[in-house]
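Please consult the sequence and the structure shown below while reading.

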Amino acid sequence: MDNDTQLFQLLQKELERSQRGLEMIPSENFVSMEVLRALGSIGTNKYSEGYPGRRYYGGCQYVDQIEQLAIDRAKQLFGVDHANVQPYSGSPANLAVYFALLNPGDTVLGANLAFGGHMTHGLKVNFSGSLYNAINYTADKNGYLDFNEIKSLAVKHKPKMIIAGFTAYPRIIDWQKFKEIADAVGAFFMADIAHIAGLIIGGVHPSPAEIADVLTTTTHKTLRGPRGAMILSHGTVSSPTKKVERTKENIPTLIDRAIIPGLQGGPHNHTTAAIAVALYEASQPAFKDYARQIVLNAKTLADSLMNEGLDLVTAGTDNHLMVVDLTNIGVAGKEAEKTLDEVGITCNKNTVPFDTRSPFDPSGIRLGTPALTSRGFKEKDMKIIGRLIAKTLKNITDDKVKNEVKKTVRELTDQFPLYPGLQYDRPAPEIYL
Ligand SMILES: Cc1ncc(COP(=O)(O)O)c(C=O)c1O
């Protein structure tokens with residue numbers, strides 16, 4: 001046993017929780033053992049402020065190659081000229097884009113949180129809504145993007161940047177329509193593909209790479225890498241001493257400078273190494289099958305839930321997630337999240353379009369299939385899971401029903417081993433001691 005038994009026992013409990021439950025939070029996934037190995041590697045020991053070939057520290061010859069590998073793989077996979085793989089996570093990546101392209105007080109147009117946007121797209125209590133003049137677009141009454149509204153807000157407020165990309169939007173995004181609006185008002189167009197990066201690489205969602213001026217993505221959602229992020233764009237980086245204007249051609253230079261020295265210090269080299277591994281995995285033919293299966297599973301789950309009489313925002317899904325509006329069965333989102341947790345199904349409460357309840361206890365829940373698909377779940381399993389979710393939610397106070405569901409969940413998860421052999425409550429291998 002390691003010396004810090006207290007900590008390793010907690011990790012063991014978290015491992016068992018993951019193994020025994022149905023993980024249905026759409027932004028979560030299970031990385032491969034290779035990604036885990038790179039993430040737990042000696043990369044964490046090294047300081048390397050700067051970029052490959054121009055660092056502020058010695059001894060960077062190997063971390064230079066690791067970062068370059070991640071950069072080259074990202075450029076190749078997403079079809080862009082420039083990739084910055086250093087942002088610590090998705091929110092800092094988005095902050096870096098604001099810092100690179102805008103002045104405090106400038107106007108930005110992004111999706112409202114309650115309609116599927118992310119906090120960094122202009123929520124009042126986030127940096128994006130407090131340091132910038134954030135205008136939010138919503139959706140039509142069925143939950144679809146309303147391009148008439150987006151256009152009229154853009155024409156009225158003349159934003160310097162328009163953001164497309166969502167946390168809880170279940171449909172294909174028409175990147176071209178956003179671009180036309182951005183061009184019409186002279187705004188930068190930022191695509192935040194955090195949720196759908198893996199679907200884009202897998203060829204089941206259109207890519208904004210040739211359309212948007214700048215792309216941000218997390219690496220830990222459908223891309224199935226470590227917690228981290230990347231900023232992607234077109235053009236070349238100017239020499240460090242050259243003064244550059246805030247123009248589209250200069251975006252790669254502006255982004256690199258916004259990350260360091262603008263916002264961050266040393267990159268997390270263990271994370272960069274794990275991103276490189278995840279990008280390698282995403283370039284393999286099997287990843288296309290994975291992406292296709294995520295969507296097939298989501299569509300099957302959506303149908304199963306609707307067959308059970310549950311309401312889905314936009315009445316279905318094109319991607320990896322769905323938002324269930326629980327109003328018609330008289331259950332609140334918070335209660336649904338808690339009860340599903342009790343039976344071993346993990347999801348999160350979520351607002352629905354024009355929600356009449358508070359964001360802290362909204363009317364819906366959000367469900368997704370990336371993590372279960374990584375475990376090997378297929379359509380037949382999704383049909384069962386849809387029925388289990390509906391049964392639980394319709395019998396929210398019935399302990400007998402909940403116990404039955406819990407047992408079935410356990411039988412189901414036992415069929416799909418997760419990280420067999422991984423154990424945190426046993427001594428670490430000699431090599432680590
Ligand atoms: C669309 C979108 N952008 C950015 C982020 C932020 O990522 P992180 O949680 O890594 O800061 C998220 C996270 O949920 C997201 O959904």
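Which residue in E7 does Val108 stand opposite? Val108 stands opposite Met161 in E7.

## Basis of the model

The model is predicted: local features require pLDDT of at least 70 and side-chain atom pairs count only at pLDDT 80 or more, whereas totals for chains, interfaces and linings use all residues. Residues are numbered from 1 along each chain as its sequence is written.

Helices (H or I, at least four residues) and strands (E, at least two) are DSSP runs numbered from the N terminus. Two strands pair if DSSP finds at least two bridges between them.

Strand E5 (residues 107-111) is largely enclosed by the rest of the structure, because four of its five residues are buried. A residue is buried if 20 or more other C-beta atoms, placed from the backbone, lie within 10 Å of its own.

Strand E5 pairs with strand E6 (residues 133-137) in the parallel sense over five bridges, and Ala134 is the bridge partner of Val108 in E6. Two bridges also join E5 to strand E7 (residues 161-164), and these two strands run parallel.

## Ligand surroundings

The ligand is surrounded by 14 residues, of which the closest are Ser89, Gly90, Ser91, Thr167 and Ala194.

By class, the shell holds two nonpolar, eleven polar and one charged residue. Ala, Val, Leu, Ile, Met, Phe, Trp, Tyr, Cys and Pro count as nonpolar, Asp, Glu, Lys and Arg as charged, and the others, Gly among them, as polar.

## The antiparallel sheet

An open sheet of four strands has the order E11-E12-E15-E14, with antiparallel pairing. Its edge strands, E11 (311-312) and E14 (348-350), each pair on one side only. Two bridges join E11 to strand E12 (residues 321-325), and Asp311 has Asp325 as its bridge partner in E12.

## Domains and their contact

The chain is divided into domain 1 (5-30 + 293-414) and domain 2 (34-282), with bounds from an automatic or database domain assignment. Their C-alpha centres lie 29 Å apart. The contact takes 22 residues from domain 1 and 19 residues from domain 2, where contact requires C-beta atoms, placed from the backbone, within 7 Å.

On the side of domain 1 that touches domain 2, H11, E12 and helix H13 (370-375) each supply at least two residues. The largest share, three residues, comes from E12.

Conventions
Buried ≥ 20, exposed ≤ 12 C-beta atoms within 10 Å, placed from the backbone. Near = placed C-beta within 6 Å. Contact = placed C-beta atoms within 7 Å.
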